[in-house]
Amino acid sequence: MFLKKYLQDIYYAVKSLLIGMRRTGYYFTHHKEIITQQYPDNKDSLSLPERFRGEVVMIHDENNEHACTGCTACELACPNATIKIITQIDTTPEGKKKKALNTFVYHLDLCTFCNLCIVACPTDAIKMANTFEHSVFDRSKLTKILNKPDSKIRAGIE
Amino acid sequence: MSATSIIFYFLATFILAAAILSVTTRKIFRSAIWLLFSLIGIAGLYFWLAVEFIAAVQIVVYVGGIVVLIIFSIFLTQQSGKEMPKVSSSRILLSALAIFFGFALTYLLIYQNGFRIENKYFDSDIERIGTHMLATDNTGFALPFEVVSILLLAAMVGCIVIAMKSKPIEK
Amino acid sequence: MPSLENIADIIHTWLNITFNSTTALLIELVIVAVSAIGLFSMLGLILIMMERKVSAYMQVRLGPNRVGPKGMFQTVADTLKLMVKEGMTPNGADKFLFNLAPFIVMIVAMVILAPLAFAKNFQLWDLNIGILFVASVSSVSVIGILMAGWASNNKYSLLGAMRSGAQIVSYELSAGLSIITIVILTGSLKISTIIQSQSDGWWIFKGHIPALIAFVIFIIAVTAETNRAPFDLAEAESELTAGFHTEYSGMKFALFFLAEYVNIFIVCVLGATLFLGGWMPLHFGTDTRFNELMDYIPSSLWLFGKTFFLIFIIMWFRWTFPRLRIDQLLNLEWKYLLPISMFNLLLTTLMAIMGWHF
């Protein structure tokens, strides 16, 4: 019936609009819900969410060992050539030759924080860090070397 | 000269100047805007005469209705942003003649008859206007009011018929 | 106790003693003009601040909080910025109309201010047809928008102006019909009479369901008439950059911006006058103790309180609802609001004839 549908339309329209207004009204009266961080003022107590993507870092444990095998999966996954991996050929004590990481070069200025390299990494050697204050006076400072000096691969990681 | 006459002459000059500009300008949109100012001036004249109802209706109907429609039709016309061609001299001559004769006729009428000033109280009370408009006795205007309503209704139905899309016949 | 009425009286008597009546009248006109401009600029500052804070809290943000205490002087800073900015006129524009348009919009807003009553016996021009005057003059402001859109010589401006024109012309109908609902109940177009008729209860209470429906339709229609979201197709940022004021900058843009807020204020004063009793305090029937208590609150506070309540509702709409499409907009008006308000008008007439309201 036409009239019934017409009135039904009005009823549902008003109802759905009121639901929306109730939500915004709730936020308007509950100031605790505000998620804005007053950044420079609360620098000390600033807590960023776990999944915030600030920059790529390599995980090192207390023995200065990382898990990167130098497989270049991250370099291949990167859409804009942010990562450059320089490898070297190590000789193991048994006399076998093995590819290993020499330098993990990371261009922060090219990175879009897309997370693809972290997904691609087969050994979970890299992760996204929470830091975000990246501004420097010289662009060359944004080219970072992620593996710490004298670090080596953790034993047992192939 | 009293303040009332100063206001009257000011309004009259405004109306005439806007009207002249409206017919002499060569941009069609400006012409519509000058017409608008002329009509607003006439509404101001009604306010000056203290017939507020007529003034408000003048603004609603002419300014808010007709001029907006004119402007809309200008918007929807092609090449309406360009300047119009210059008017030929014969046309100017003819329109000058028309203005002259029209003015002469008006002047003659006023000169022969003059304005009669009557100190009668002019009743512009909105309630009585409304009652008169819908009264059915001898002084009422119910019949003309209804006739005009039917005319407008016919116009509206006509608009809808023209604007309606005819459904394609299903086979 | 100083009220706006007393202050006006004192100034009036003092001027008439000091000068002759013509000079006093001229000085009064100047005072009125200056205070109107002052009211407008204050409204601009307060309402823009209010809008930004309301929008911030509704979107779980903080809003402006740097300039002054709690960011209260942000709009002052913005106004200063707009004042020192260059007001450019594009090359291809119709320069005369381009520069005229913001002033038309502003002057219309000022003229509408005349018949509004701001406090008890505090009104510029209590003319016979107050409400009709407001309704008629407000229809002129669309001309300013159309003028701005055309004179900018820009496709976005023209499209925005066209949309705005279609929108204002169609929503004027249902706004007018809901105003007429109250006029039927009151039996007068005069604003002072309309307010006086609500001395024993506001129309929204006295008029039962028809007045409530008329109120809702009025609020929707004036939101559309002032070109605010969810009816802001005329300046839909994502489609038309800024609609009819795309090409405006500096103070001329500020005038358009100010006119938007002043128009909101004016329609909310109108809504408060028609449905919520204007400056009339909240009175209930014959409960004299309660009525006297309410009378202690100054009448101007009552009016501004009601007005800001309505403004808040309109802002609430803006920050909750998504923008309508143009066909949805016209559907809403011609298929829903107009038939409902016409039916409502019949219902009100029946109610007024039978005397069913209080």
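Predicted model: local features only at pLDDT ≥ 70, side-chain atom pairs only at ≥ 80, totals over all residues.
A salt bridge is defined as a side-chain nitrogen of Lys or Arg within 4 Å of a carboxyl oxygen of Asp or Glu. Between chain C and chain A the count is one salt bridge. The count of residue pairs in polar contact between chain C and chain A, both at pLDDT 80 or more, is eight. A polar contact is a pair of N or O atoms within 3.5 Å; within protein, one must be able to donate a hydrogen and the other to accept it, and residues adjacent in sequence count only if both atoms are side-chain atoms.

On the side of chain C that touches chain A, the elements giving two or more residues are α2 (21-58), α14 (299-318) and α15 (326-354) of chain C. Helices here are DSSP runs (H or I, at least four residues), numbered from the N terminus. The most residues on this side, four, come from α15(C). By class, the side of chain C that touches chain A holds 13 nonpolar, two polar and three charged residues. In this classification Ala, Val, Leu, Ile, Met, Phe, Trp, Tyr, Cys and Pro count as nonpolar, Asp, Glu, Lys and Arg as charged, and the others, Gly among them, as polar.

In total, 18 residues of chain C are in contact with 17 residues of chain A, where contact means heavy atoms within 4.5 Å. Chain C and chain A bury about 1700 Å² between them, 71% of it on carbon and sulfur atoms. Buried area is the accessible area (1.4 Å probe) that two parts lose on being put together, summed over both.

## The interface of chains B and C

Here 29 residues of chain B are in contact with 28 residues of chain C. The area buried between chain B and chain C is about 2300 Å², with 83% of it on carbon and sulfur atoms. Across this interface the rules find zero salt bridges and zero residue pairs in polar contact (both at pLDDT 80 or more).

The side of chain B that touches chain C receives two or more residues from each of α2 (28-48), α3 (52-75) and α5 (126-134) of chain B. The largest share, 13 residues, comes from α3(B). This side of chain B has 20 nonpolar, four polar and five charged residues.

## Nonpolar cores

A nonpolar core is a set of buried Ala, Val, Leu, Ile, Met, Phe, Trp, Tyr and Cys residues joined through side-chain atoms within 4.5 Å. Of the 113 residues in the largest core, B:F29, B:I71, C:L116, C:I143, C:M147, C:L274 and C:F275 touch the most other members. Helix α12 (residues 250-275) of chain C gives the largest share of this core, 16 residues. A second, separate core of 21 residues includes A:I85, A:C121, A:M128 and A:I157.

## Buried residues in chain C

Helix α12 of chain C also contains C:E260. This residue counts as buried because its relative accessibility is 12%, buried meaning under 20% relative accessible area (1.4 Å probe, protein chains only). Not counting residues up to four places away in sequence, C:E260 touches C:T226, C:R228, C:E235 and C:R318.

Helix α5 (residues 130-138) of chain C is mostly covered, with seven of its nine residues buried. Among them are C:I131, C:F133 and C:V134.

## Basis of the values

Residues are numbered from 1 along each chain as its sequence is written, while chains are lettered from A and ligands numbered from 1 in the order in which they are written. Local features need pLDDT of at least 70, side-chain atom pairs count only at pLDDT 80 or more, and totals for chains, interfaces and linings use all residues, while side-chain values use heavy atoms, with hydrogens and water left out.

Conventions
Buried < 20%, exposed > 50% of the residue type's maximum accessible area, 1.4 Å probe, protein only.
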